[in-house]
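Colleague: I am new to reading side chains in a model, and I would like to go through some features one by one. Please give me the general idea each time, and then the case at hand.

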Amino acid sequence: MSNYAIIHDTTLELRRQIVAALVSAPDADLEITENEITLALPTNDLVGAPRLSLYLYHIDADANLRNQKRLDVGPSGQRFPPLAVSLHYLVTPLDEQEQVNHLILGRILQFFHDHPFFSELNGTPLDNSFGGNSNQFRILLEPLTMEQLSQIWGALNADYRLAVAYNVRIVAIDSDQGVSPAPRVVEAHTVVGRHG
């Protein structure tokens, strides 16, 4: 089930995948632990000297799934459809050496290009969210212009750093409403004939 914790769980899975990508990088020592990846805004005054920031900077409703119909539950029930959203992340390496930051970003770009889907959260398969969600998420590189990047960094009130943006979609947040009765028409009769 995709309850309200799905955003949190998706972020942690993305962090796990970044760690796996860096640990498995061939011909380079880019190993970073989960504790070295902060989920905070990549500013200069971060505590603990993290080496990478995975910052969720925007969430928006998925326009294609905004007006889903109610989902059938058994022969006489329905439930509200899930809220389908896209999660927008800013991935910013924070190593003191810029050449290491370039290697980190290169490996992350390579990894998500080769593995653009994931179907598990911490080893647990994604379910279908009461029938309203896909059983996998897609990770897309978001091509941002310099103007868009400037707007993001300006809005975050942080110094510009080399970063890439990723969009994770479609993430479904199930409705907290229970199943409501919705009797179905099971039999219809039509009478055809002459009147009077």
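Colleague: Is glutamate 34 buried, partly exposed or exposed?

Modeller: The general idea is a scale of relative accessible area, on which buried means under 20%, exposed means over 50%, and partly exposed lies in between (1.4 Å probe, protein chains only). Glutamate 34 has a relative accessibility of 30%, so this residue counts as partly exposed. Please keep in mind that this is a predicted model, in which local features need pLDDT of at least 70 and side-chain atom pairs count only at pLDDT 80 or more, while totals for chains, interfaces and linings use all residues. Residues are numbered from 1 along each chain as its sequence is written, and side-chain values use heavy atoms, with hydrogens and water left out.

Colleague: Which residue forms a salt bridge with glutamate 34?

Modeller: A salt bridge is counted when a side-chain nitrogen of Lys or Arg lies within 4 Å of a carboxyl oxygen of Asp or Glu. Here the partner is arginine 15, and the closest N and O atoms of the two residues are 4.0 Å apart. Arginine 15 belongs to helix 1, whereas glutamate 34 sits in the loop between helix 1 and strand 1 (37-38), so their contact ties together parts 19 residues apart in sequence; helices (H or I, at least four residues) and strands (E, at least two) are DSSP runs, numbered from the N terminus. Arginine 15 itself is buried, because its relative accessible area is 16%.

Colleague: How many salt bridges does the structure hold?

Modeller: There are three. One of them joins glutamate 13 to arginine 16, with 3.2 Å between the closest N and O atoms, and both residues lie in helix 1 (residues 6-23), three residues apart, which is about one turn of the helix. Glutamate 13 is buried at 9%, whereas arginine 16, at 22%, is partly exposed.
Another salt bridge joins arginine 51 to aspartate 95, whose closest N and O atoms are 3.3 Å apart. Arginine 51 lies in the loop between strand 1 and strand 2 (52-61), and aspartate 95 in the loop between strand 5 (83-93) and helix 2, so this pair ties together parts 44 residues apart in sequence. Arginine 51 is buried, at 18%, and aspartate 95 is buried too, at 15%.

Colleague: How many aromatic pairs are there?

Modeller: A pair of aromatic rings is described by the distance of the centres and the angle of the planes. Rings of Phe, Tyr and Trp (its six-membered ring) pair if their centres lie within 6.5 Å, and planes under 30 degrees apart count as stacked, over 60 as edge-to-face and the rest as tilted. The count by this rule is four. Among them, phenylalanine 112 and tyrosine 166 are edge-to-face, at 5.3 Å centre to centre and 65° between the planes. This pair links distant parts of the chain, since phenylalanine 112 is in helix 2 (residues 98-114) and tyrosine 166 in strand 10, 54 residues apart. Tryptophan 153 and tyrosine 160 also form an edge-to-face pair, at 5.9 Å and 70°.

Colleague: Are tryptophan 153 and tyrosine 160 buried or partly exposed?

Modeller: Tryptophan 153 is buried, because its relative accessible area is 3%, but tyrosine 160, at 45%, is partly exposed.
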